[in-house]
Amino acid sequence: MHKKIGIIIFACIIIALPILTLVKLPKEKAPFSENENRYLSEFPTVSLSSIKDETFMNGFDSWFSDRFYGREQWISAMNDSERLMGKTEISTVYTKDDQMMQVLSDYDDIGAAYNADKIHTNLAVINSFAAKHPEIPTYFMLCPTSVGVYGDSLLPAAVKNVSVDEKDMIETCYNELSGVTPINIYNALKEHDSEYIYYRTDHHWTSLGAYYAYQAAGTELGYTPYELKDFTKETASTEFQGTLFSKTLDQSVTKDEIDFYTLADNSVTPSMTTSNGFDKENSYDSIFFRDYLNVKDKYASYTGQNVAVATISRNKASDAGNASNTSDSGKRSILVIKDSYANSMMQFLINNYDTVTMIDLRYTNQSISNLVNVEDYDQVLFLYNCITFSDENDIIKAGL
């Protein structure tokens with residue numbers, strides 16, 4: 001009887017799931033998944049050739065796996081059952097003590113991929129860029145992720161044995177630099193590892209973590225950082241569930257905060273223009289995009305969605321404020337070639353520069369020289385986190 005009941009339930013699921021999927025199909029041809037921050041697969045083209053070479057069936061598998069009814073609920077239930085059995089790793093994300101982390105590893109099935117060849121190529125490009133612009137000081141800030149700062153105390157021993165030590169990775173990369181000044185922020189972040197410096201459910205650092213990086217960078221970049229007491233902190237959201245949550249759908253981990261920092265004396269009112277390198281520029285009167293607080297990708301509230309070029313102007317209202325920063329009253333500009341870790345740091349860095357231009361090479365096929373005139377800037381900063389830097393080659397465009 002138990003077997004018969006099981007067969008009936010299984011048959012109902014097998015029959016009902018495709019029917020419900022077809023009945024409940026989204027009206028959009030390629031609907032956007034907010035949770036996964038991507039467009040779902042489209043139904044494949046049906047033709048004799050696509051059936052013969054199996055591209056139709058492969059496309060159908062992708063389409064159905066993206067669209068089957070209750071997909072996220074099924075995934076969440078499966079993940080919950082694995083956690084009940086004591087599993088701490090779900091979809092290469094490790095969770096312990098209310099903290100999610102993605103490991104950087106040589107093994108693809110353990111965490112984010114570590115690619116030594118890409119790292120050496122990226123470092124060679126940065127060195128080449130500095131050699132082409134010897135009159136402009138060039139800097140490199142390689143940022144640890146949460147596992148690099150929290151991992152010692154939170155990762156299981158078996159994972160530590162196969163994970164990449166991000167501190168060692170940073171030091172190794174800095175030893176390969178030529179004509180480029182390294183900015184080592186690891187120790188500054190490690191000193192504050194008991195504080196909320198990385199999101200619990202996302203791979204980025206928090207505004208507080210970005211502040212400590214900004215503070216540590218002041219010595220090399222030549223500015224006097226403002227103190228935390230000089231800023232007004234606004235908690236703009238307490239409902240952020242980021243990229244790591246999207247992999248696990250683990251509702252047991254506390255949601256994150258999105259915090260905005262502005263100078264308490266209102267002496268700086270940043271504005272921003274963006275461009276994809278081709279079209280007319282778009283202008284904004286703030287670097288905080290509050291509309292994104294109402295969607296899943298709340299991290300985009302820092303300087304908006306990633307674009308090829310974004311230029312932030314300080315718009316200094318007066319010389320009021322922290323007297324220790326009077327050395328920054330002259331006109332200074334910096335070009336930041338970056339990934340998204342830079343976005344939340346801009347709320348601090350712009351207070352010490354008249355102009356900060358960010359270039360994200362992931363969102364353009366053009367070289368830096370086609371996007372901006374490098375000679376217009378006093379400094380150039382390459383800013384990447386360890387996982388992005390080890391697994392992407394978009395930075396090679398900097399050497400073109």
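Ile334 has Gln379 of strand S17 as its bridge partner. Strand S15 (residues 333–338) and strand S17 (residues 379–385) run parallel and are joined by 5 bridges. The model is predicted.

- S15 and S17 belong to an open sheet of 8 strands, in the order S9-S8-S17-S15-S16-S14-S12-S13. Its pairing is mixed.
- Strand S9 (181–182) and strand S13 (282–284) are the edge strands. Each of them pairs on one side only.

**Helix H6**
- Helix H6 covers residues 146–154. It is largely enclosed by the rest of the structure, because 7 of its 9 residues are buried.
- The buried residues of H6 are Ser146, Val147, Gly148, Val149, Tyr150, Gly151 and Leu154.
- Three strands are listed among their packing partners: strand S4 (93–96), strand S5 (99–102) and strand S6 (104–105).
- Helix H7 (157–160), helix H8 (166–175) and helix H9 (186–190) also pack against the buried residues of H6.

**Phe260**
- Phe260 sits in strand S11 (residues 256–263).
- Its relative accessibility is 2%, so Phe260 counts as buried; the cut-off for buried is under 20%.
- Leaving aside residues up to four places away in sequence, Phe260 touches Thr232, Lys233, Glu234, Ala236, Phe288, Arg290, Leu293, Ser301, Tyr302 and Gln347.
- Tyr302, one of these contacts, is 42 residues from Phe260 in sequence. In space, the two are 8.4 Å apart, C-alpha to C-alpha.

**Tyr223**
- Tyr223 is in a loop, between helix H10 (207–221) and strand S10 (231–240).
- Tyr223 has 4% relative accessibility and therefore counts as buried.
- A polar atom of the Tyr223 side chain lies 2.7 Å from the backbone oxygen of Tyr214.
- Tyr223 and Leu349 are 126 residues apart in sequence. Their C-alpha atoms are 9.5 Å apart in space.

**Cavities**
- The whole structure holds 3 cavities of 30 Å³ or more.
- The largest cavity has a volume of about 60 Å³.
- Its lining consists of Asn122, Lys338, Asp360, Leu361, Arg362, Tyr384, Thr388, Phe389, Glu392, Asp394 and Ile395.
- By type, the lining of the largest cavity has 4 nonpolar, 2 polar and 5 charged residues.

Terms used
Residues numbered from 1 in each chain as written. Predicted model: local features only at pLDDT ≥ 70, side-chain atom pairs only at ≥ 80, totals over all residues. Heavy atoms only, no water. Helix = DSSP H or I, 4+ residues; strand = E, 2+ residues; numbered from the N terminus. Buried < 20%, exposed > 50% of the residue type's maximum accessible area, 1.4 Å probe, protein only. Contact = heavy atoms within 4.5 Å. Polar contact = N/O pair within 3.5 Å; in protein donor to acceptor, adjacent residues only side chain to side chain. 1 Å grid on protein atoms, 1.4 Å probe; cavity = no way out; pocket = protein on both sides within 12 Å on 5 of 7 lines; lining within 4 Å. Points joined across faces, edges and corners; volume = space filled by probe spheres on them. Nonpolar A, V, L, I, M, F, W, Y, C, P; charged D, E, K, R; others polar. Pairing = 2+ DSSP bridges.
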